[in-house]
Amino acid sequence: MPVSADFKERIFPHIRKISNHYQTPFHLYDEQGILDTGKRLKEAFKGVEVFREYYAVKALPNPSILKVMQKMDFGFDCSSIAELDLSRQIGATGDDIMFTSNNTGPEEFDAAAADGGCILNLDDISLIGKVPEMPETICFRYNPGERRAGNDIIGTPVESKYGVSHEQITDAYRQAMERGAKKFGLHTMLASNELNYSYMVQTAQMLLGLVEDISKELNISFEFINIGGGLGIPYRPEQDELDLESMGAEISQLFVDFKKKNGYMPGLFMESGRYITGPHGVLVTTVINHKKIYRDYVGVDACMSALMRPGMYDAYHHIDVLDKDNTETRVVDVAGSLCENNDKFAVQRELPICDEGDLIIIHDTGAHGHAMGFNYNGKVRPKELLFTDAGKVKMIRREETLEDLFATLNFDQDNLKIFGSL
Ligand SMILES: *Cc1c(COP(=O)(O)O)cnc(C)c1O
């Protein structure tokens, strides 16, 4: 079921009023839905002594959304200076933030260490010597290589640019200890939009096994493992949702077994983005044109600047036409206005026949939606609205303006003479 059933029941009846007030296009997020999913996640892992979700900020980098995560005591998974900045703006600090970067530069290390620091997750053994000051707690991202098959979207681990190899991993901790690290975590991120929960159970099992091996070799213990994000959501109506409760029960059992064998239980961290907010957002856009050539086109007032996934990955996003559930249907392409033929929200989709002025609701835009939008053709990104758990609608980001787009053309002249005269 795309978009939570709750969203449809609770919010669809108000979308006409919301769009009259704010004007389309906009993304609309459901706070209650996000809170419900967060609660379910915590409940699923109550068998683990210390469990914490670090919300992947890149999925929906808006401070109002990050504050919803704080209500649930979630931390923040950051991969860039901007994401660190956003998390700190709302008061996250130290252990509340995990910094998982790739191809890390010196400015990023400085930003990670600033303002109360964060949990540093190193992506390569060569970076140990480049961290200006080794923090007390250090984590490494592990890449199992051919030991795991990977998943369709993220590719096979052998081809992936992320993480420390199996051959390097023990040495990485040894070198970090030599530089002063005293507490340890182990991280991996191998899946994306994975609906088969067993894959995540295998990942937890792999990391706990590796913790045992490294611990023996170096005589250390581990504070936590982090099994990454990548939990999937059913974008298509015929897909089943991920079995969260079974995943929680099976992973919890692995932790209990680990404790029996080793006398302690490390913490379990997770950094889901899509699973937490994906199904709790929609993109609302208005039908502005109809066109009939070799195919039928429905033209809407949003374009790829608001949602890249269909154009970029051929991703399916379910579509409803508001209040036209039982109308006659037709097969159409739903298109935006970019000079890019992949600027389509749906291709050859059977949809209720709609009129100009009808509202089209594109499901599951609560993660990797607005955040991925771009400005090609000078198209601006739309506003973001939050339907709060108190039944209010708040604008949490305004629409971009042309001044925003042209801001980088405003600068002090800076020319360099190579030959001739300036
Ligand atoms: C993108 C990303 C995530 C979140 O992925 P989802 O598919 O949204 O759960 C988590 N961790 C890292 C390191 C990432 O790059």
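**Close-up views of a predicted model**

View 1. The model is predicted: local features need pLDDT of at least 70, side-chain atom pairs count only at pLDDT 80 or more, and totals for chains, interfaces and linings use all residues. Residues are numbered from 1 along each chain as its sequence is written, and side-chain values use heavy atoms, with hydrogens and water left out. Leu 409 counts as exposed because its relative accessibility is 62% (exposed is over 50% relative accessible area, buried under 20%, partly exposed in between; 1.4 Å probe, protein chains only). Together with Leu 402 and Phe 406, Leu 409 forms a nonpolar surface patch with about 330 Å² of accessible area. Such patches are made of residues with over 30% relative accessible area and no salt bridge, with nonpolar side chains (Val, Leu, Ile, Met, Phe, Trp, Tyr) joined within 5 Å and like charges within 9 Å. A salt bridge is a side-chain nitrogen of Lys or Arg within 4 Å of a carboxyl oxygen of Asp or Glu.

**View 2. The two domains.** The chain is divided into domain 1 (45-271) and domain 2 (279-401), with bounds from an automatic or database domain assignment. Their contact takes 14 residues from domain 1 and 16 residues from domain 2, where contact means heavy atoms within 4.5 Å. The C-alpha centres of domain 1 and domain 2 are 33 Å apart.

**View 3. The largest nonpolar core.** This core has 84 residues, and Phe 45, Phe 140, Leu 186 and Met 247 have the most contacts inside it. A nonpolar core is a set of buried Ala, Val, Leu, Ile, Met, Phe, Trp, Tyr and Cys residues joined through side-chain atoms within 4.5 Å. Helix H8 (residues 197-218) gives the largest share, 12 residues. Both domain 1 (45-271) and domain 2 (279-401) contribute residues, so the core lies between them.

**View 4. Helix H7 and its cover.** Ile 169, Thr 170, Ala 172, Tyr 173 and Ala 176 are the buried residues of helix H7 (residues 166-178). Their cover includes strand E6 (137-141), strand E7 (183-187) and H8.

**View 5. Thr 203 in helix H8.** Thr 203 is found in helix H8 and is buried, at 2% relative accessible area. Leaving out residues up to four places away in sequence, Thr 203 touches Arg 148, Thr 188, Leu 190 and Ile 227.

How values were computed. Helices (H or I, at least four residues) and strands (E, at least two) are DSSP runs, numbered from the N terminus. Accessible areas come from the Shrake-Rupley method with a 1.4 Å probe; for residues, only the protein chains shown count as cover.
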